[in-house]
Amino acid sequence: MNLKQLSHMLSLSQTTVSRALNGYPEVNEETRRRVVDAAKRHGYRPNPSARRLATGKSGMIGYVLPTGAAVDIDPHFVEFLSGLGDYARAHELDLVLSPADADDEETTYRRIVANRQVDAVYLSAPRPADKRLALVNTLGIPFIVHGRSEGFDFDYPYLDIDNEGAFHEASRLLIQLGHKRLALINGNERETFAIHRERGMRRALAANGLALGERHIRSVAMTEENGYRAARRLLEEAEPPTAIVCSSLIMALGVVRAVRDLGLTIPGDLSLVAHDDVFPWLRPENFPVPLSTTRSSIRLAGARVAERLAARISGLEEGARGEVWPVDLIVRGSVAGAPI
């Protein structure tokens with residue numbers, strides 16, 4: 001079935017049907033739903049070239065993917081992409097990955113915008129005063145940041161979780177249990193999420209007259225091996241921490257291995273809390289000792305970013321609205337009172 005046949009069947013103009021399928025706000029919700037339902041029933045799919053000519057839209061979301069020997073594609077990114085893809089597939093959107101030199105992503109952003117390859121882009125893993133964000137804000141293309149940056153004199157649209165609040169509450173719990181020597185195994189110290197997590201932990205400690213010493217912070221890429229090495233160094237010190245807050249379940253696997261190799265126990269010798277991005281294949285309750293976590297689904301965040309990008313493409317969302325999700329603290333068996 002083509003557009004003309006679908007329009008005739010619905011007794012609507014081709015323009016109205018096209019606009020309904022592409023989410024234009026001037027089409028009322030009842031008409032849009034009727035058109036979408038009929039298109040699905042009769043297997044109508046718009047011709048991409050015709051859609052571009054008629055609407056000026058490509059139906060594509062863009063992501064600039066940094067590449068190179070020093071770049072790892074980690075499971076957090078894959079899980080986020082799965083959520084984004086779930087929404088995009090269900091709403092007739094495609095995702096375009098544009099590889100770029102990790103040290104020169106700005107050139108790729110300029111190219112895909114100039115070529116009108118995509119209708120919108122999203123940015124991830126932002127850093128303070130991120131050059132990519134500053135550039136995209138001037139290019140006139142809809143965008144959303146997954147995470148937050150700092151140091152700008154303009155607002156921008158983003159979706160983030162309350163990293164500072166999450167690690168503040170995790171640290172506060174450990175302090176209430178009597179722990180005074182806390183350590184942090186964090187992600188990349190140059191990225192804003194890691195800065196916020198450290199800030200939250202420091203704030204909780206300061207409120208109780210404690211401090212986070214530099215020797216009790218490890219900032220590393222979030223892998224199992226890095227978690228193991230960081231935990232070994234911390235636990236082999238003369239005055240090791242009695243509690244560790246860890247930035248990912250993947251690193252927590254390494255922490256658990258280090259504890260076992262040193263002949264220690266959780267939570268007898270060490271209490272452990274980790275952030276859980278809700279991986280279907282790695283569940284905190286299945287750790288040798290069920291793991292206490294700060295919890296927020298990165299897959300749901302991916303779907304929400306796609307939903308907001310679709311709204312910005314169609315004009316249903318405008319402005320520079322930030323969205324911060326609260327994070328749940330789930331207490332399991334990996335935390336206990338500080339050892340005497």
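Helices (H or I, at least four residues) and strands (E, at least two) are taken here as DSSP runs, numbered from the N terminus. The model is a predicted one, where local features need pLDDT of at least 70 and side-chain atom pairs count only at pLDDT 80 or more, while totals for chains, interfaces and linings use all residues. Residues are numbered from 1 along each chain as its sequence is written, and side-chain values use heavy atoms, with hydrogens and water left out.

Let's start in the loop between H10 and S8, where you will find Glu237. Glu237 has 18% relative accessibility, so it counts as buried (under 20% relative accessible area; exposed is over 50% and partly exposed in between, with a 1.4 Å probe and protein chains only). Its side chain makes a polar contact of 2.6 Å with the side chain of Arg215. A polar contact is a pair of N or O atoms within 3.5 Å; within protein, one must be able to donate a hydrogen and the other to accept it, and residues adjacent in sequence count only if both atoms are side-chain atoms. Beyond neighbours within four places in sequence, Glu237 is in contact (heavy atoms within 4.5 Å) with Arg215, His216 and Arg218.

Six strands form an open sheet with mixed pairing, in the order S7-S6-S8-S9-S10-S12; two strands pair if DSSP finds at least two bridges between them. At the edges are S7 (217–219) and S12 (328–330), each pairing on one side only. Further in, S6 (residues 182–186) and S8 (residues 243–246) run parallel and are joined by four bridges, with Leu184 opposite Val245 in S8. Helix H10 (residues 224–235) packs on the sheet and touches S6, S7 and S8, its direction making about 155° with that of S6. Such angles run from 0 to 180 degrees between N-to-C directions, with axes fitted to C-alpha atoms, for helices over the stretch in contact.

Now turn to helix H3 (residues 29–41). At its start, a side-chain oxygen of Asn28 comes within 3.2 Å of the backbone nitrogen of Glu30. Which residues of H3 are buried? They are Thr31, Val35, Val36, Ala38 and Ala39. Seen down the axis of H3, these fall within an arc of 165°, so they line one face of the helix; the arc is that of the directions from the helix axis to the C-beta atoms. Their cover includes helix H1 (3–10) and helix H2 (14–21). On the face turned away from the buried side are the exposed residues Glu30, Lys40 and Arg41. After H3 comes Gly43, with a positive phi near 70°.
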